[in-house]
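The following note sets out points for a colleague to check against the coordinates. Each point may be read on its own.

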Amino acid sequence: MIVAVTSAIGVSVAIVIVLLIRGDRLRVANGLMWLIAAFVMAGLGFTPSVFDYLASMVGISYPPALAFSVAFGMIVIKLLVDDIHRTRLQIKHARLIQRVALLEYELKIVNDGEPGTQNDDKDN
Amino acid sequence: MQVCQRKHKCLVVIPALNEAETITEVIAKINESGYRNVVVVNDASDDLTAPIARAAGAMVISLPERLGAWGALQTGIRFAIRKNYDTVVTLDADGQHPPEHIESLVSALYDGQANVVIGCFPQRGSKLRQIAWHWIRNASGIQLSDLTSGFRAYDGQAQRLVAGWRGSLLEYQDVGVLLLLQRHHLRVQDVNVTMTERRVGQSRIFYNWSVVAYYMLHTLLLSAAKRKVRRATSGNRMEGVDLT
């Protein structure tokens with residue numbers, strides 16, 4: 001039964017990923033990792049003996065515990081990578097907001113002659 | 001450099017969020033002290049801060065989205081770099097930082113002993129703030145008397161450093177900026193000034209327990225992570241006139 005459930009989850013996730021990409025809800029680059037994970041999940045569901053073998057290799061008597069540990073580790077890594085990426089995006093976002101504000105101010109000077117400065121411009 | 005020349009090459013940056021009640025008086029006092037280049041960075045205020053500041057004679061840069069006090073200050077510093085100002089002085093829009101002390105900060109900066117001069121008033125603040133400073137000093141290793149003062153003067157080198165992308169990682173204008181300066185071996189000096197209580201509005205941090213708790217956890221983690229690792233033979237600390 002566990003084989004069927006794991007495989008079904010894997011296949012379902014893969015289908016959802018493809019549908020999200022198809023519906024322009026997910027970029028291919030972001031969906032790729034999830035698609036690979038879904039195929040790995042489905043594959044392991046169909047061949048549970050792989051986990052039995054790996055568990056015995058590392059001395060774990062209950063093979064699903066190894067599966068949960070690996071899955072949990074992968075999720076933690078994925079979340080961490082996403083947060084690193086999010087930090088980069090937040091920096092870019094903040095700096096772009098600042099740049100827009102600076103350019104809007106300079107545009108206003110050109111259009112309205114708002115108080116400016118005597119100094120020369122220098123690109124940053 | 002002559003005093004009038006350096007005043008001409010100095011930009012006063014004021015981050016402002018809903019400070020319509022006080023901004024006119026603050027700008028007027030700055031102008032009275034001889035500093036005519038004032039830029040107010042309007043942090044997406046809900047009130048009339050921007051037009052009031054403009055009417056008071058300041059240059060006004062309005063952020064399209066709220067970035068917080070440090071994001072607004074950094075915008076002003078980026079503006080100063082674009083416009084080739086030598087010195088940036090930052091002060092609060094609530095009137096806590098008396099503009100008559102700007103000259104003390106700028107003079108200390110021009111003495112060449114430091115890249116950043118901080119106007120300190122350690123007596124200010126509640127018992128809670130004093131305890132917070134004590135913890136932050138221990139965590140960061142920075143021994144300045146007033147860690148959170150936003151009344152500062154930056155020279156060109158310090159401006160370029162804090163205006164860069166590393167500066168954009170910071171959420172607050174205080175300890176993170178000091179740690180960034182320390183890490184890049186820039187010198188910080190403190191100068192005693194007097195400050196007044198804010199007349200209207202409230203502190204962005206010390207007004208709500210959950211905000212204070214977040215600020216403390218954030219700052220303590222940052223302090224511990226960025227703390228300078230000192231070799232046994234060197235005793236560099238960011239203390240008073242020194243520096244790293």
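**Notes on the two chains**

1. B:Ala44 has 17 C-beta neighbours inside 10 Å and therefore counts as partly exposed. By the convention used here, a residue is buried if 20 or more other C-beta atoms lie within 10 Å of its own, exposed if 12 or fewer, and partly exposed in between, with C-beta atoms placed from the backbone. B:Ala44 sits in the loop between strand E2 (38-42) and helix H3 (49-55) of chain B. Its phi is near 55°, a positive value in a residue other than glycine. Most residues other than glycine have a negative phi.

2. Basis of the note. This is a predicted model, in which local features need pLDDT of at least 70, side-chain atom pairs count only at pLDDT 80 or more, and totals for chains, interfaces and linings use all residues. Residues are numbered from 1 along each chain as its sequence is written, while chains are lettered from A and ligands numbered from 1 in the order in which they are written.

3. Chain A in outline. Chain A contains four helices and zero strands, in the order α-α-α-α along the sequence. Helices (H or I, at least four residues) and strands (E, at least two) are DSSP runs, numbered from the N terminus. Of the 124 residues of chain A, 11% count as buried. Among the contacts in chain A with a separation of 6 or more, 47% are made by residues 24 or more positions apart; two residues are in contact if their C-beta atoms, placed from the backbone, lie within 7 Å.

4. Domains of chain A. The chain is divided into domain 1 (1-47) and domain 2 (64-112), with bounds that come from an automatic or database domain assignment. The C-alpha centres of domain 1 and domain 2 of chain A are 26 Å apart.

5. A positive phi in chain A. A:Asp24 is placed in the loop between helix H1 (2-22) and helix H2 (28-46) of chain A. Phi of A:Asp24 is near 60°, a positive value in a residue other than glycine. A:Asp24 counts as exposed because it has 7 C-beta neighbours inside 10 Å.

6. Chain B in outline. Chain B has 10 helices and seven strands. Of its 244 residues, 48% count as buried. Residues 24 or more positions apart account for 78% of the contacts in chain B with a separation of 6 or more.

7. B:Cys4 belongs to helix H1 (residues 3-8) of chain B. With 9 C-beta neighbours inside 10 Å, B:Cys4 counts as exposed. The C-alpha atoms of B:Cys4 and B:Tyr35 are separated by 9.0 Å, although the two residues are 31 residues apart along the chain.

8. An enclosed helix. Helix H9 (residues 175-183) of chain B is largely enclosed by the rest of the structure, because seven of its nine residues are buried. The buried residues of H9(B) are B:Val175, B:Gly176, B:Val177, B:Leu178, B:Leu179, B:Leu181 and B:Gln182. Their cover includes strand E5 (116-120), H6, helix H7 (156-162), strand E7 (188-192) and H10 of chain B. After H9(B) comes B:His185, whose phi is positive, near 60°.

9. Packing within chain B. Helix H6 (residues 127-140) and helix H10 (residues 209-226) of chain B have axes that come within 7 Å and cross at roughly 25°. Axes are lines fitted to C-alpha atoms, for helices over the stretch in contact, and angles run from 0 to 180 degrees between N-to-C directions. H6(B) and H10(B) are therefore roughly parallel to each other. Angles under 35 degrees count as roughly parallel, over 145 as roughly antiparallel, 65 to 115 as roughly perpendicular and the rest as oblique. H6(B) contributes B:Ala132, B:Trp135, B:Ile136, B:Ala139 and B:Ser140 to the contact, and H10(B) contributes B:Met216, B:Thr219, B:Leu220, B:Ser223 and B:Ala224.

10. Packing between the chains. Helix H4 (residues 63-112) of chain A packs on helix H4 (residues 68-82) of chain B at an angle of about 55°, with the axes 10 Å apart. H4(A) is therefore oblique to H4(B). In this contact A:Ala94, A:Gln98, A:Ala101 and A:Leu102 of H4(A) meet B:Gly71, B:Gln74, B:Thr75, B:Arg78, B:Phe79 and B:Arg82 of H4(B).
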